[in-house]
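Hi everyone, thanks for making time this morning. I'd like to walk you through one model, so please have a look at it while I talk.

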Amino acid sequence: ERKDVVVKIGGMTCAMCVKTVENAIKKLSGVLDVSVNLATESARVSYNPALVTIDDIKRAVESVGYEFLSVE
Ligand code: 9UX
């Protein structure tokens, strides 16, 4: 199973921020694909909902110091 969400993220201001957030989300097993966009301050995440929850993604973002604002 595969689910796609777009998550609004606060606090990213440079390309390194983007990489940090991308890597944090990628580390979760069950995440299939991540693409973080600085201009729109968001991350598109494809994941297996049997293995990963939105709350896991939230914790991953917050653990590296950024804000999880909303899920679209
Ligand atoms: Mo994006 Mo942070 O720089 O020191 S990684 S602002």
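Let's start with Glu67: leaving out residues up to four places away in sequence, Glu67 touches Ile9, Gly10 and Gly11, where contact means C-beta atoms, placed from the backbone, within 7 Å. Before I go on, two housekeeping remarks. This is a predicted model, in which local features need pLDDT of at least 70 and side-chain atom pairs count only at pLDDT 80 or more, while totals for chains, interfaces and linings use all residues. Residues are numbered from 1 along each chain as its sequence is written.

Back to Glu67, which sits in strand β4, residues 67-71. Helices here are DSSP runs of H or I with at least four residues, strands are runs of E with at least two, and both are numbered from the N terminus. So is Glu67 buried, exposed or partly exposed? Glu67 is partly exposed, because 14 other C-beta atoms lie within 10 Å. For the cut-offs: buried is 20 or more other C-beta atoms within 10 Å of the residue's own, exposed is 12 or fewer, and partly exposed is in between, with C-beta atoms placed from the backbone. Glu67 and Met12 are 55 residues apart along the chain, and their C-alpha atoms are separated by 8.8 Å.

Now the helices. In α1, the buried residues are Val21, Ala24 and Ile25. They are on the same side of α1 because they cover an arc of only 95° around the axis, the arc being that of the directions from the helix axis to the C-beta atoms. These buried residues pack against β1, β2, β3 and α2, while Ala15, Met16 and Lys19 are exposed on the other side.

What about α2? Ile57, Ala60 and Val61 are buried there. Down the axis of α2, the buried residues fall within an arc of 95°, so they line one face of the helix. Their packing partners are β1, α1, β3 and β4, and on the other side of α2, Asp55 and Ser63 are exposed. Just after α2, Gly65 takes a positive phi of about 95°.

Two loop residues deserve a moment. Glu41, in the loop between β2 and β3, has a positive phi of about 50° although it is not a glycine. Val52 lies in the loop between β3 and α2, and counts as buried because it has 20 C-beta neighbours inside 10 Å. Val52 touches Leu28, Gly30, Val31, Tyr47 and Ile57, not counting residues up to four places away in sequence.

Last stop, the ligand: which residues surround it? They are Thr13, Cys14, Met16 and Cys17, each with a C-beta atom, placed from the backbone, within 6 Å of the molecule.

Note on methods: Contact = placed C-beta atoms within 7 Å.
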